[in-house]
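The report below describes a structural model in running text, moving from overall dimensions to local packing.

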Amino acid sequence: MTGSFVLFWILAVISVAASIMMVVTKNAVRSALFLVVTFLCVAVYYITLAAQFIAAVQIIVYAGAIMVLFLFVIMLLNLGAPEALRERGTLQTYVAVLLGAVFFIALVVSSTLIKLPTAPAPPAAYQPLGTVQGIGLNLFSPGQPWLFPFEITSILLLVAIVGAIIMAKRRV
Amino acid sequence: MVGHPVIIFPEYWHGIHLPDIVPYIALIGILAFVLGIVPGLIYIERVVIAFMQDRSGPNRVGPRGLLQTLADGVKLFFKEEILPRSVDRRIYYIAPVIAMIPALAGGAVLPLQFITFRAPDGHLFQTPLTVGDVNIGLLYILALSSLQVYGVVLAGWSSNNKYSLLGGLRGSAQLISYELSMGLALLCVIVLAGSLKLSDIVVAQNQLPFGIPGQPEFLRGSIFSWFWLQSFFVPFLLYSIAMVAETNRAPFDLPEAESELIAGFHTEYSSMKFAMFFMGEYASMLTVSGLNAAMFWGGPLAPFNCVPFTWVPGWIWFVSKVMFGIFIYVWLRATFPRLRYDALMALGWKRMLPLGLVWLFVMGGYNLARTPNNPPALPPTSAAPTRVESARR
């Protein structure tokens, strides 16, 4: 218990600091790198919560694919130069701070005032949910209602791919 | 039971639970092997390329040029550290580290050997010699190899040099493109093995060829039942091409193409920082070849399940299969000219990706067709503890 406690606080400090730095940093490339650090911290959180599959997918999809594309675009457009992104003193900043404070207060209030239901004790034949097998059995077995939403989501992705190709290509 | 329990260790030895110290042995072994073999790899590469190009190769320093890479290493150590003026200093320094660490860490899940223990109640069980035999082993390696892109990209960007930047951009586009074909090739094997855990994938190759009963016992787990043949060779071909592209080696070394980009993403790197890129490249070659050995070539399994082969311990088979992968690298480098960039992209997206998708479809059908006749490659995990057929040969 203490080991995971220490790990939690180390990760908490790193991930919160990296997220704040991501917002504050002027340099777009560094900002993207801080976001990668945050993603990696979240992946380690998943591992501490015994969700190994989600952790690996988090790294592969977010840190490995999406952020590399982000960096690719930032470098291609040469947004790394800090003076290219000078926008300060706009209304956006104040609104963002206000909304962030409201969200934070709402989180604190809801976690203290509202009693969340505690998880029931795991059954005797406990199938670990975080492993590949656990996710597969829970997502795709006929007894579970998740197969249809999963297929709908995959069709959504397919539509997005087709849309991207049509937008990228002038004459289809 | 995988391989041949030549030596059976007791589970408890003077009160120490021996399976618990296996990961530490594997950790030390992998780090020592990867860091120690790199000079050897450079020497092997130079000698093999020299042989293929019909010239002498290194033959001045030491007997048969054996100390040449040592001399090169000493030279790199004592070279001047040059820091160009307008680099982004922190990212510039951390990029070689990012290029190297994922390659080293990727070896943690490779099963080097199966160690047999005898429990106090007499039954035998096997532990794979890995740092962590995690159930997402393959995803772990893929995740780390996808993180390796950052080394190339950040080195190219932080150098503040247009050739470096072009190299970094090429590197990121190339790695993202070829990761897909690599994943599809590995997915074909996963369909057959039914697991992402690398030790399970090795166990799934320990069966009679194509699961057809009535074959002689020396073919069990033999070279014909490994997944290069079980998946009908195409995934291995796709993986071999993708692994060369993933590690930026010739003929896919566009990010560091010296005839167009000076040295690509590491143009501005000197001395030890350059040496770290070099080490990272060779370490990732070893990791990717190790994955090749475990997925397609049976990992620590002997090529035939009969006497002269089974005397050799599994880790020697594993290392020799890794070396086979390295040989493929050197062979390709000596044989093919560098691809043009659009040809590289066309090969990845228009040839390999559709072939991989079609083959995944075929493999799914094949797996479905063989399932009623033969048992699936892996028993369900909730099965009773495995019995030992032959305790000692």
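How many helices and strands are there in chain B? There are 14 helices and 5 strands in chain B, where helices (H or I, at least four residues) and strands (E, at least two) are DSSP runs numbered from the N terminus. This is a predicted model, in which local features need pLDDT of at least 70 and side-chain atom pairs count only at pLDDT 80 or more, while totals for chains, interfaces and linings use all residues. Residues are numbered from 1 along each chain as its sequence is written, and chains are lettered from A and ligands numbered from 1 in the order in which they are written.

The C-alpha trace of chain B spans about 70 × 50 × 45 Å along its principal axes. For its 393 residues a compact globule would have a radius of gyration near 21 Å, and the 22 Å of chain B agrees with this; the radius is taken over C-alpha atoms, and the globule rule is 2.2 Å times the number of residues to the power 0.38.

Chain B holds an open sheet of 3 strands in the order β1-β4-β5, with mixed pairing; two strands pair if DSSP finds at least two bridges between them. The edge strands, each pairing on one side only, are β1 and β5 of chain B, and the twist averages 40° from one strand to the next. Helix α1(B) packs on this sheet, touching β1, β4 and β5 of chain B, and its direction makes about 160° with that of β4(B). Strands β4(B) and β5(B) pair in the antiparallel sense over 5 bridges, with B:Arg118 opposite B:Leu124. In their hairpin, which has 5 residues between the strands, B:Gly122 takes a positive phi near 100°.

| β1 (chain B) | 8–10 |

Axes are lines fitted to C-alpha atoms, for helices over the stretch in contact, and angles run from 0 to 180 degrees between N-to-C directions. B:Val34, B:Val38 and B:Leu41 in α1(B) meet B:Met279, B:Tyr282, B:Ala283 and B:Leu286 in α11(B), contact requiring C-beta atoms, placed from the backbone, within 7 Å.

Methods:
Contact = placed C-beta atoms within 7 Å.
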